Amino acid sequence: MRLLVFNASPRGARSNSLAIIKHFLEGFEYSSREKPDIETVNLINERDDYAALREKLLVADRVVFAFPLYVDSMPGFLMEFFETLILLKGALSGKEFLFSIQCGFPETLNLRPLERYLVRLTGKFGAAYAGCICRGGMEGTRYMPADAPIFRKYRELGRIYAETGKLDPGILGEIANPEKLPRPVMLIASVLGRMGLMNGYWKKQLKKNGAYEKRHARPYDPTHLPR
Amino acid sequence: MRVTLLNGAAPDSDAFDSYLERLAGNLRESGNTVSEFKLRDLVIGQCIGCWGCWTKTPGECVFSDDTAKIARSAVDSDLFLFASPLVLGFTTSLLKKTIDRMLPLVHPYLAVRAGEIHHRKRYRKYPLLGLLIARESDTDDIDISVVKEIYERVAIELATRLAFFGSTERPAEEVAHEIAGL
Ligand SMILES: Cc1cc2nc3c(=O)[nH]c(=O)nc-3n(C[C@H](O)[C@H](O)[C@H](O)COP(=O)(O)O)c2cc1C
């Protein structure tokens, strides 16, 4: 069994996407009856040779795409890679595509439209859709310890996938929680937002970079008089 | 009105290009301003997710390429019109790479918008968003609804709303008329 993993975060080796999928793969490897042949590719480093990646795809049984949400869909260069796979149309049937997507905003609902697209995309390639793991609020993940509870869930999901060939709906749901923040939480967020109390991380970064005073800069503000 | 038009078509998209020429021509004839960017002829790098545009050089990407011109033009427009043939049921990677680079237009700080957590506005005013697509031979209603749903969300991210969504099956004159009336 050949499993090919594309990490399609532009941050490559230092990405949340990779930190997360590693745990899924660990669980997968642990429970596989025979030692699977797993190869992980940081797509951002291979942009000069998509042809070599297509060759790898042709001999893989299962393909995992792990990536962050970028403005409500995939990072542009991943779409670029998908576009080159048009050359393989017809040659991908029998392969299984699995997706692991995550985003910065806390609500997993941010990822659902992209998930619906990925179902369509898999169909257009004639591959089999194995599912999509979705989780919001993940920007800090790459700094989290390996024993963090969320990673345990990804490992568990990987183990069950190795055993049954399916993503367990119960664990998928746990990973996706919160799908939507409850109304009272949103009300509090709204107040905190207006008071500027949700921005600790950004303030710290701005200050560290000596850019705090320029935080509200509007470099492209139209220079002509208001219409 | 002022329109910033992004042509996201891949090379050799003559029919699409000439449709956009007719559209821009019509808009100009009726007194509108159109700034067109043919993305395939520009230098547009992939966003690397460094947050520099929010925390190092607020409002500007730390890499300078043609996306700065696009962002500047967009802020000075009434309509930010994305145009792209569908490829694999989605807009092109050229357009997507460009959109990823529009992050500096908003602020890192968070706010509640449309009942969800999003980023605060950086500018006082944002252009309306429009999306013009061309169908592929196998495009169906589900493809269309998926693309539309994603771009409705893109609009929220860019502190605006999707005010136009249409395809090149409609005559350019008609689309120009609708856009001019927004
Ligand atoms: C250009 C860009 C666009 C983004 N767009 C969104 C978005 O629309 N919604 C969201 O929740 N997070 C968005 N994010 C946040 C990322 O999805 C989040 O930080 C993710 O954890 C990054 O994962 P990575 O380290 O694997 O790249 C965006 C980040 C960048 C750099």
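The model is predicted, so local features need pLDDT of at least 70 and side-chain atom pairs count only at pLDDT 80 or more, while totals for chains, interfaces and linings use all residues. Residues are numbered from 1 along each chain as its sequence is written, chains are lettered from A and ligands numbered from 1 in the order in which they are written, and side-chain values use heavy atoms, with hydrogens and water left out.

## Charged pairs between the chains

What does Lys124(A) pair with? Lys124(A) forms a salt bridge with Asp143(B), and the closest N and O atoms are 3.1 Å apart. Lys124(A) lies in helix α4 of chain A and Asp143(B) in helix α5 of chain B, so this pair joins two chains. Helices and strands are DSSP runs numbered from the N terminus (H or I with at least four residues for helices, E with at least two for strands). A salt bridge is a side-chain nitrogen of Lys or Arg within 4 Å of a carboxyl oxygen of Asp or Glu. Side chains of opposite charge can pair when their charged atoms come close. Asp143(B), at 2% relative accessibility, also counts as buried.

Lys124(A) and Asp143(B) belong to a network of salt bridges that also links Arg120(A), Asp138(B) and Asp140(B). Over all chains, a search of the whole structure finds 32 salt bridges.

| Chain A residue | Chain B residue | N to O distance |
|---|---|---|
| Arg116(A) | Glu149(B) | 2.6 Å |
| Lys124(A) | Asp143(B) | 3.1 Å |
| Asp221(A) | Arg124(B) | 2.8 Å |

The pair of Glu149(B) and Arg116(A) is a salt bridge that crosses between chains, from helix α5 (residues 141–157) of chain B to helix α4 (residues 112–125) of chain A. Glu149(B) is partly exposed at 24% relative accessibility, and Arg116(A) is partly exposed at 39%.

Asp221(A) and Arg124(B) meet in a salt bridge as well. Asp221(A) lies in the segment after α8 (200–208) of chain A, and Arg124(B) lies in the loop between β5 and β6 (128–134) of chain B, so this pair joins two chains.

## Two helices of chain A

Let's turn to helix α7 of chain A, which covers residues 183–195. Its 13 residues reach 18 Å from the first C-alpha to the last, close to the 18 Å expected at 1.5 Å a residue; the expected span is 1.5 Å times one less than the number of residues. Which residues of α7(A) are buried? They are Met186(A), Ala189(A), Ser190(A) and Gly193(A). These residues cover an arc of only 105 degrees around the axis, which puts them on the same side of α7(A). The arc is that of the directions from the helix axis to the C-beta atoms. An α-helix has 3.6 residues a turn, so residues three or four places apart point the same way.

The buried residues of α7(A) pack against β4 (106–113) and β5 (116–121) of chain B, where contact means heavy atoms within 4.5 Å. The face turned away from the buried side carries the exposed residues Pro184(A), Leu187(A), Ile188(A) and Met195(A). Just after α7(A), Gly196(A) takes a positive phi of about 75 degrees.

In helix α6 (residues 169–176) of chain A, the residues Ile171(A), Ile175(A) and Ala176(A) are buried. They cover an arc of only 140 degrees around the axis, which puts them on the same side of α6(A). The buried residues of α6(A) pack against α4, β5 (128–135) and α5 (149–164) of chain A.

## Cysteines

How many disulfides are there over all chains? The count comes to zero, with a disulfide taken as a pair of cysteine sulfur atoms within 2.5 Å. For Cys103(A), the nearest cysteine sulfur is that of Cys134(A), 8.8 Å away. For Cys132(A), the nearest cysteine sulfur is also that of Cys134(A), 3.8 Å away. Cys103(A) counts as buried at 4% relative accessibility, and Cys132(A) counts as buried at 4%.

Definitions and conventions. Buried < 20%, exposed > 50% of the residue type's maximum accessible area, 1.4 Å probe, protein only.
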